[in-house]
Amino acid sequence: MARVSRVGRNQPCPCGSGRKYKACCERKERRLSPTAWLAIVGAAAAVLAVLVFSFSSANRAASGICPPGQVWSVDHGHCH
């Protein structure tokens, strides 16, 4: 079984560019994959949607939409 050796950061890059590994292919290996970016953007969009929904439902309640027999209290911020 062949043993795979690791390239040191200050050694020449194995791609043949002539640059040090840390200034060449190490950066490429540490980048996020497109799938990881998609997950991050999806999570951010979900958080934004929750925030927008929570503010829109709060505005609906503040505009006077309460169950029958109750009124909106500006002082308390909810229906009575």
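Contact here means that heavy atoms lie within 4.5 Å. The structure is a predicted model, in which local features need pLDDT of at least 70 and side-chain atom pairs count only at pLDDT 80 or more, while totals for chains, interfaces and linings use all residues. Residues are numbered from 1 along each chain as its sequence is written, and side-chain values use heavy atoms, with hydrogens and water left out.

The overall layout comes next. The protein chain has two helices and two strands, where helices (H or I, at least four residues) and strands (E, at least two) are DSSP runs numbered from the N terminus. Read from the N terminus on, the order of these elements is α-α-β-β. Of the 80 residues in the protein chain, 9% are buried; buried means under 20% relative accessible area, exposed means over 50%, and partly exposed is in between (1.4 Å probe, protein chains only). The accessible surface of the protein chain is about 7,000 Å², and carbon and sulfur atoms account for 63% of that surface. Accessible areas come from the Shrake-Rupley method with a 1.4 Å probe, and for residues only the protein chains shown count as cover. Among contacts between residues at least 6 apart in sequence, 0% join residues at least 24 apart.

Back at Glu26, the residue is placed in helix α1 and is buried, with a relative accessible area of 9%. Which residue forms a salt bridge with Glu26? The partner is Arg9, and the closest N and O atoms are 3.1 Å apart. A salt bridge is a side-chain nitrogen of Lys or Arg within 4 Å of a carboxyl oxygen of Asp or Glu, and by this rule the count comes to one. Because Glu26 lies in helix α1 and Arg9 in the segment before α1, the pair ties together parts that are 17 residues apart in sequence. The side chains of Glu26 and Arg9 also make a polar contact (3.1 Å). A polar contact is a pair of N or O atoms within 3.5 Å; within protein, one must be able to donate a hydrogen and the other to accept it, and residues adjacent in sequence count only if both atoms are side-chain atoms.

The cysteines deserve a look of their own. A disulfide is a covalent bond between the sulfur atoms of two cysteines, identified here as a pair of cysteine sulfur atoms within 2.5 Å. The structure holds one disulfide, which joins Cys66 to Cys79 with an S to S distance of 2.0 Å. Cys66 lies in the loop between α2 and β1 and Cys79 in strand β2 (residues 78-79), so this pair ties together parts that are 13 residues apart in sequence. The disulfide is left-handed because the torsion about the S-S bond of Cys66 and Cys79 is about -80°. Cys66 is buried at a relative accessible area of 18%, whereas Cys79 counts as partly exposed at 21% relative accessibility.

Cys24 is buried, with a relative accessible area of 8%, and Cys25 is buried with 17%. Cys15 is found in the segment before α1 (25-30) and is partly exposed, with a relative accessible area of 47%. Not counting residues up to four places away in sequence, Cys15 touches Cys24 and Cys25. The C-alpha atoms of Cys15 and Cys25, which are 10 residues apart along the chain, are separated by 7.7 Å.

Two further sites complete the picture. Ser73 is in strand β1 (residues 72-73) and is buried, with a relative accessible area of 13%. The side chains of Ser73 and His76 are joined by a polar contact of 3.2 Å. Beyond neighbours within four places in sequence, Ser73 is in contact with His78 and His80. Trp37, in helix α2 (residues 34-62), is partly exposed with a relative accessible area of 48%.
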